[in-house]
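Subject: Handover of a structure and the findings from it

Dear colleague,

Please find the structure below, followed by an account of what was found in it. I would be grateful if you could read the two side by side.

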Amino acid sequence: MIIRPRRLRASPEIRALTNETRLNHNMLVYPMFVREGKNIIEEISAMPGQFRYSPDKFCKALENVVAHKIQSVLLFGIPEDEKKDLTASAAYDENGVIQQAVKIAKREFPDLNIITDVCMCEYTSHGHCGIVNDNTHSIENDLSLEILKRIAVSQAQAGANIVAPSAMFDGQVNAIRTALDENGFENTLICSYAVKYASGFYGPFREAAGSAPSFGDRKTYQMNPKNVREAVKEALIDINEGADILIVKPGLAYLDVLKTVKEKIYNPVASYQVSGEYAMIKAAVTRGWLNEETIISECAVSFARAGADIIITYFAKELADLISEGRL
Ligand code: PBG
């Protein structure tokens with residue numbers, strides 16, 4: 001007798017019935033950039049199809065996102081250059097650009113999950129994620145935590161449902177959890193970038209957010225790509241500190257990490273397909289070297305198969321449409 005596993009692949013209907021991995025709209029998170037100013041819709045050059053919006057143009061952009069049946073957005077704020085300083089003060093200004101964006105989103109789309117990136121790099125004059133020591137140029141971890149707390153609380157005050165600390169400083173989840181609770185935001189979730197590697201794939205994002213470090217790099221606080229057990233350790237620490245959701249980032253090059261982390265913890269895990277992954281796919285698609293639908297579908301399936309409960313991706317709208325049309 002021939003044993004016939006191929007029977008399970010016999011027709012589209014049988015394949016659909018026997019899928020081990022299923023994707024749906026509610027696992028998608030769409031990252032968006034809001035910059036200070038008026039009447040601005042600016043395409044990000046290394047991320048064709050992705051834009052920076054000024055707050056007055058942001059509502060229309062959100063309308064479009066919601067029309068694709070996306071239920072969660074991750075927001076990044078970009079202040080005017082002259083507002084950047086050594087302590088990222090524009091990041092916790094109650095009328096700052098991210099706070100304005102969150103208020104608009106909350107008012108116009110009360111059911112949308114609004115996730116905000118909690119970091120200093122978009123707001124510091126040197127582009128690092130924290131306070132930098134003048135003499136040694138190293139990060140002042142504990143001083144930086146004080147700022148991250150203020151940023152998270154101000155975002156929660158504006159209406160963010162979920163704050164997402166991405167600076168990779170020790171103790172940041174505990175510090176933010178405590179600050180949120182003390183200020184009456186017990187129900188604001190923390191989605192921690194617990195496992196964030198020092199990666200070349202963030203290149204286009206740094207152009208998008210104007211956050212490339214003007215000296216040094218982020219290797220002293222972001223993770224070493226050669227380590228995977230360290231990822232589990234980071235994940236366990238963040239859960240212990242009160243994180244509700246964890247992010248593993250970047251996506252495709254770190255699927256082994258995602259799977260390993262997922263096996264060791266019980267919290268929801270998100271995979272972040274980052275700016276450089278988007279740029280690579282777009283570049284090849286534009287030249288006709290790859291087919292966008294096939295490639296983005298295959299990537300999304302890979303994230304889910306490796307264990308992602310949530311997928312953060314600049315392709316969220318395209319994926320949502322494929323899901324709506326029953327193609328994914
Ligand atoms: C802020 C932050 C970065 C990204 C998300 N949050 C940049 C970085 O760490 O340099 C990258 C996202 C992307 O590349 O799409 N610290």
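In what follows, a residue is called buried if its relative accessible area is under 20%, exposed if it is over 50%, and partly exposed in between, with a 1.4 Å probe and protein chains only. The structure is a predicted model, in which local features need pLDDT of at least 70 and side-chain atom pairs count only at pLDDT 80 or more, while totals for chains, interfaces and linings use all residues. Residues are numbered from 1 along each chain as its sequence is written, and side-chain values use heavy atoms, with hydrogens and water left out.

The His128 side chain forms a polar contact of 2.8 Å with the side chain of Tyr221. A polar contact here is a pair of N or O atoms within 3.5 Å; within protein, one must be able to donate a hydrogen and the other to accept it, and residues adjacent in sequence count only if both atoms are side-chain atoms.

The ligand site

Which residues come nearest to the ligand? Among the 19 residues around the ligand, they are Lys196, Arg206, Lys249, Ser275 and Tyr314, where a residue is near a molecule if one of its heavy atoms lies within 4 Å of it. The side chain of Arg206 places an N or O atom 2.6 Å from an oxygen atom of the ligand. For Lys196, the distance from a side-chain N or O atom to a ligand oxygen is 2.7 Å. Ser275 also has a polar side-chain atom 2.7 Å from an oxygen atom of the ligand. The ligand has 400 Å² of accessible area on its own, and the protein covers 100% of this area; such areas come from the Shrake-Rupley method with a 1.4 Å probe, and for residues only the protein chains shown count as cover.

The largest cavity is the space taken by the ligand. A cavity is a set of points, on a 1 Å grid over the protein atoms alone, where a 1.4 Å probe fits but cannot get out, and a molecule sits in one if more than half of its atoms lie within 2 Å of its grid points. Two or more residues of the shell around the ligand come from each of β7 (189-196) and α6 (203-209). The shell comprises eleven nonpolar, three polar and five charged residues; Ala, Val, Leu, Ile, Met, Phe, Trp, Tyr, Cys and Pro count as nonpolar, Asp, Glu, Lys and Arg as charged, and the others, Gly among them, as polar.

Backbone geometry

Lys249, named above among the residues nearest to the ligand, is joined to Pro250 by a cis peptide bond with omega near -5°. Pro250 lies in the loop between β8 (245-249) and α8 (255-264).

Asn39 is not a glycine, yet its phi is positive, near 60°. This residue is in the loop between β1 (28-35) and β2 (41-44), and Asn39 is exposed, since its relative accessible area is 56%. Ala88, likewise not a glycine, has a positive phi of about 55°. Ala88 is part of the loop between β4 (72-78) and α3 (97-108) and is buried, because its relative accessibility is 0%.

Is Ser72 buried or exposed? Ser72, in strand β4, is buried, as its relative accessibility is 6%. Its side chain makes a polar contact of 3.0 Å with that of Asn113. Ile78 is also in strand β4 and is buried, at 8% relative accessibility. Between the C-alpha atoms of Ile78 and Glu122 there are 5.9 Å, although 44 residues separate the two along the chain.

Asn24 lies in the loop between α1 (12-17) and β1 and is partly exposed, at 35% relative accessibility. Its C-alpha atom is 9.1 Å from that of Leu319, which is 295 residues away in sequence.

Yours sincerely

Terms used
1 Å grid on protein atoms, 1.4 Å probe; cavity = no way out; pocket = protein on both sides within 12 Å on 5 of 7 lines; lining within 4 Å. Helix = DSSP H or I, 4+ residues; strand = E, 2+ residues; numbered from the N terminus.
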